[in-house]
Amino acid sequence: MLLITGANGKLGRVIVEEVLRRAPDAPLAVSVRDASAAADLAARGVDVRQADYHDLDSIRAALAGVDRLLLMPTPAPDPDARVAEMIPVAQAAAEVGVKHIVYPGAAEVEGLDFPLLSSHTRVYDAIVATGVQATHLRVNIYAELIAGEVTGAVAAGELAAPVNGARVAPVLREDIAPAIAAVLTQDGHEGKTYDLTGQDAVSWSQLAELASARAGKPVPYRSIDDTEAAARLEAAGIPAPFVPAMLGFYAAYRAGWSGTPSGHIEQLTGRPATPTLDAIGAVLDGTAK
Ligand SMILES: NC(=O)c1ccc[n+]([C@@H]2O[C@H](COP(=O)([O-])OP(=O)(O)OC[C@H]3O[C@@H](n4cnc5c(N)ncnc54)[C@H](OP(=O)(O)O)[C@@H]3O)[C@@H](O)[C@H]2O)c1
């Protein structure tokens, strides 16, 4: 039995659809906080189980009979809270006899001090420490978030960001999901690490060209420093406590985070990820899943 947690979330839902497409007859359970929001899945024969990571009894009940677990992280904004939230769930899975845990974490870059990202690696290491076989899926920044840079630039008339000459290979959830579904429905991925990235890396100058095309007028790229970036973020209404995290992401881009395409999506699914500018365009057009 496969159990997919976070199945009412945006990524979780597309993964469930891909698993149903690949293995319609294999036993599938999902764990959700609100079972009524998954009534459509129950109607299609999916075993819908109600559980909350903060209620370990509900987690143990949801894990009954499960061999393979997709452990979806939550959007916890605090790195230590993320680790504290995930480890008991992984330990509960080990205790009830789960054989394989698949964890979709985040891409990382060696030497970068950004706990929001490295907390995913801490979680993965803790999963491995339980003794259960594991697979680490290191996910690049979502194309949706990079599309936000383009939308903001169209509104502002320029793309101002503290990234120097950084390049990114952001990825659509609809490209991630088939790769994760492949890992969940096949044997042989235990102990492996895959980097789920966009097809190609683009620069902020290319994002500015995309913004220019969308705006119908030149929208130039300007590399700025952190001080100006912080002032612009606050002026745009980002609450002050979130500004350091945003600057952390820009520092990560400068250090090469999410900037290297891997080809692992094609390796797992037989199809390459969507070309990056097309992926961002799909988000802007509202056609991305
Ligand atoms: N690579 C990136 O750029 C990027 C960006 C953003 C997030 N992420 C990570 O990727 C994950 C999935 O992304 P997404 O877009 O699918 O996010 P999402 O739509 O916010 O889904 C998050 C899921 O976590 C579940 N959840 C939250 N708290 C929980 C708890 N206490 N117990 C059990 N489940 C809980 C939510 O359940 P409900 O449906 O009940 O709310 C939801 O299903 C995020 O949670 C985050 O860790 C990655």
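The legends below describe close-up views of a predicted model.

Local features require pLDDT of at least 70 and side-chain atom pairs count only at pLDDT 80 or more, whereas totals for chains, interfaces and linings use all residues. Residues are numbered from 1 along each chain as its sequence is written, and side-chain values use heavy atoms, with hydrogens and water left out.

**View 1. Domain 1 and domain 2.** The chain is divided into domain 1 (2–139) and domain 2 (140–171 + 197–289), with bounds from an automatic or database domain assignment. Their centres, taken over C-alpha atoms, are 27 Å apart. Twelve residues from domain 1 and 15 residues from domain 2 form the contact (heavy atoms within 4.5 Å).

**View 2. The largest nonpolar core.** A nonpolar core is a set of buried Ala, Val, Leu, Ile, Met, Phe, Trp, Tyr and Cys residues joined through side-chain atoms within 4.5 Å. Buried means under 20% relative accessible area, exposed over 50%, and partly exposed in between, with a 1.4 Å probe and protein chains only. The largest core has 58 residues, of which Ile4, Ile15, Leu71, Ile101, Ile180, Leu184 and Leu196 touch the most other members. Helix H7 (residues 173–185) gives the most to this core, eight residues. Domain 1 and domain 2 each supply at least three residues to this core. Leu184 touches Leu2, Ile4, Ile15, Val19, Arg68, Leu70 and Val102, leaving aside residues up to four places away in sequence. Another core, of 28 residues, lies apart from it and includes Ala106, Trp204, Leu207 and Tyr250.

**View 3. Helix H4 and its surroundings.** Helices (H or I, at least four residues) and strands (E, at least two) are DSSP runs, numbered from the N terminus. H4 (residues 79–96) has 18 residues and spans 27 Å from its first C-alpha to its last, close to the expected 26 Å (1.5 Å times one less than its number of residues). Its buried residues are Pro79, Arg82, Val83, Glu85, Met86, Val89, Ala90, Ala92 and Ala93. Their cover includes helix H3 (56–62), strand E4 (68–70), strand E5 (100–106) and helix H5 (115–129).

**View 4. The ends of H4.** At the N-terminal end, Asp78 caps H4 through a side-chain oxygen 3.3 Å from the backbone nitrogen of Asp80. Gly97, with a positive phi near 95 degrees, follows H4.

**View 5. The ligand site.** The ligand is surrounded by 20 residues, the closest being Leu11, Arg33, Pro73, Thr74 and Tyr142 (a heavy atom within 4 Å). A polar backbone atom of Pro73 is 2.7 Å from a ligand oxygen atom. A backbone N or O atom of Gly9 lies 3.0 Å from an oxygen atom of the ligand. A side-chain N or O atom of Asp52 is 3.0 Å from a nitrogen atom of the ligand.

How values were computed
Polar contact = N/O pair within 3.5 Å; in protein donor to acceptor, adjacent residues only side chain to side chain.
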